[in-house]
Amino acid sequence: MFAPIYLDWNASTPLDPEVLEAMLPWLGTRFGNASSRHEYGRQARAAVDDARGRVAAAVGAHPTEVIFTSGGSEANNLFIKGAAAAMKQGLIAISAIEHPCVREPARQLRRSGWVMREIAVDQEGRLQQADWRATLEARPSLVSVMLANNETGVMQDVATLAAQVRQGGAWMHSDAVQALGKVPIDFRTLGVNAITLSAHKIGGPVGAGALIVDKRVELAPLIAGGGQERGLRSGTENIAAIVGFGIACERAVIRQASEAERLSELRQNLEGRLLAEGACVFSARAERLPNTSFFAFEGIDGETLVGKLDRAGFACASGSACSSANPEPSHALLAMGVEPDFARGAVRVSLGRDTTAEQIEHFADVLVHTVAELKNLAAMAV
């Protein structure tokens with residue numbers, strides 16, 4: 001069966017074979033409930049505890065600080081809504097380039113009486129320092145700034161931001177979903193109150209994530225029930241997914257340094273070809289994840305280009321969060337000051353552990369040919 005070359009690793013990743021092997025017993029013969037007192041339950045509890053230790057070790061946290069969730073979206077919602085419910089209404093500040101699972105719960109708080117502020121970014125996608133200082137002067141109660149953007153790959157200096165936030169007594173959270181496994185993460189060094197992780201971005205299963213949260217932070221649970229996960233996330237644990245998450249974290253950290261160097265070189269080779277053909281590579285002057293390239297060609301529609309590349313055997317992503325009825329350009333690019341029409345041309349290529357130099361060379365050849373073809377068609381239509 002035809003399988004396109006996969007260049008969308010920021011969206012999701014294939015399950016690591018060792019992760020699958022570790023999960024399989026918990027999808028078959030090992031089926032106990034971790035809350036049960038008998039041997040089946042004790043085995044399940046031991047598996048959860050082991051995975052919790054692996055996830056904690058991956059980010060320099062203590063196992064008791066790991067709260068398992070169904071994924072990154074739930075973890076982000078748990079911190080934002082849970083923290084808000086435990087304090088007086090105030091100001092919540094988020095960066096203008098946050099993922100919707102941070103933006104939307106912040107907007108929900110605004111509808112319930114909170115004040116919401118979006119912190120501006122510069123043309124490279126980094127926090128605009130003047131607006132950041134103005135945000136601190138407004139004395140926020142909650143702040144959320146992602147460690148790495150899912151579209152541009154731009155990294156924020158979260159450790160410095162967190163130190164400044166702490167001086168004002170606010171709580172700070174960082175969505176670290178895209179950063180895990182691509183750059184080193186240390187919860188203590190970052191100095192935030194909480195970070196969000198997700199399994200399926202690092203070779204783990206869909207349906208597992210975690211909020212790493214300082215135990216001194218009081219949160220109200222989103223899901224009430226039997227009191228699992230320190231009472232912050234009730235419900236019978238998904239043992240197979242949690243086990244897979246633990247192994248995926250361990251393996252991602254082991255290969256992170258070597259993979260970062262390899263993928264950075266592949267991206268550099270690709271972007272050299274892109275620039276030679278007249279593409280605009282977004283955030284090229286900012287510190288970025290080593291595997292991520294976000295670019296556009298003048299006069300080329302991103303959805304059309306991605307569709308043609310898909311038919312040519314390459315799976316990548318457009319920069320639009322859209323439906324066929326209501327196409328919208330990337331909100332991150334708009335926040336960076338990119339014109340809407342040009343932003344609609346954005347294409348994201350994200351690389352991973354199976355990406356080879358030969359694949360990138362082949363992709364670049366096909367991309368250059370496809371762009372030339374689309375430009376010729378546009379010229380003929382004039």
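Two strands are taken as paired if DSSP finds at least two bridges between them. The views below show a predicted model.

**View 1. Strand β8 and its two antiparallel partners, β7 and β2.** In β8, Gly 209 is the bridge partner of Ser 198. Five bridges link β8 with strand β7 (residues 194-198) in the antiparallel sense. Strand β2 (residues 66-69) is joined to β8 by four bridges, again with antiparallel direction, and Thr 69 stands opposite Gly 209. Strand β8 (residues 209-213) is mostly covered, with five of its five residues buried. In a regular strand the side chains alternate between the two faces of the sheet.

**View 2. The open sheet of four strands in the order β9-β10-β13-β12.** The pairing in this sheet is antiparallel. Its edge strands are β9 (280-281) and β12 (317-318), each of which pairs on one side only. Between β12 and strand β13 (residues 347-350) the antiparallel pairing rests on two bridges, and Ala 317 has Arg 348 in β13 as its bridge partner.

**View 3. Helix α2 and its buried residues.** Helix α2 (residues 39-58) has 20 residues, which at 1.5 Å a residue should span 28 Å; the end C-alpha atoms are 29 Å apart, in agreement with that value. The buried residues of α2 are Gly 41, Ala 44, Ala 47, Val 48, Ala 51, Arg 52, Val 55, Ala 56 and Ala 58. These residues lie on the same side of α2, because they cover an arc of only 165° around the axis.

View 4. Arg 139 belongs to the loop between α5 (129-137) and β5 (142-144) and is exposed, with a relative accessible area of 60%.

**View 5. The largest pocket, with a volume of about 490 Å³.** Of the 30 residues that line the largest pocket, His 99, Pro 100, Asn 150, Gln 178 and Lys 201 are the closest to its centre. The elements that give two or more residues to this lining are α3 (72-85), α4 (100-111) and β12. By class, the lining comprises ten nonpolar, 14 polar and six charged residues.

**View 6. The second largest pocket, with a volume of about 240 Å³.** Its lining has 15 residues, and those closest to the centre are Leu 147, Met 155, Val 183, Pro 184 and Leu 190. Helices α6 (158-167) and α7 (187-190) are the elements that give two or more residues to the lining. Nine of the lining residues are nonpolar, two are polar and four are charged.

**View 7. The largest cavity, with a volume of about 230 Å³.** One cavity of 30 Å³ or more is found in a search of the whole structure. The largest cavity is lined by 19 residues, with Gly 181, Lys 182, Lys 201, Gly 352 and Arg 353 nearest its centre. Eight nonpolar, six polar and five charged residues make up this lining.

How values were computed: Residues are numbered from 1 along each chain as its sequence is written. This is a predicted model: local features need pLDDT of at least 70, side-chain atom pairs count only at pLDDT 80 or more; totals for chains, interfaces and linings use all residues. Side-chain values use heavy atoms; hydrogens and water are left out. On a 1 Å grid over the protein atoms alone, a cavity is a set of points where a 1.4 Å probe fits but cannot get out, and a pocket is an open set with protein on both sides within 12 Å along at least five of seven lines; lining residues have an atom within 4 Å of a point. Grid points are joined across faces, edges and corners, and a volume is the space filled by probe spheres set on the points. Ala, Val, Leu, Ile, Met, Phe, Trp, Tyr, Cys and Pro count as nonpolar, Asp, Glu, Lys and Arg as charged, and the others, Gly among them, as polar. Buried means under 20% relative accessible area, exposed over 50%, partly exposed in between (1.4 Å probe, protein chains only). The expected span of a helix is 1.5 Å times one less than its number of residues. The arc is that of the directions from the helix axis to the C-beta atoms.
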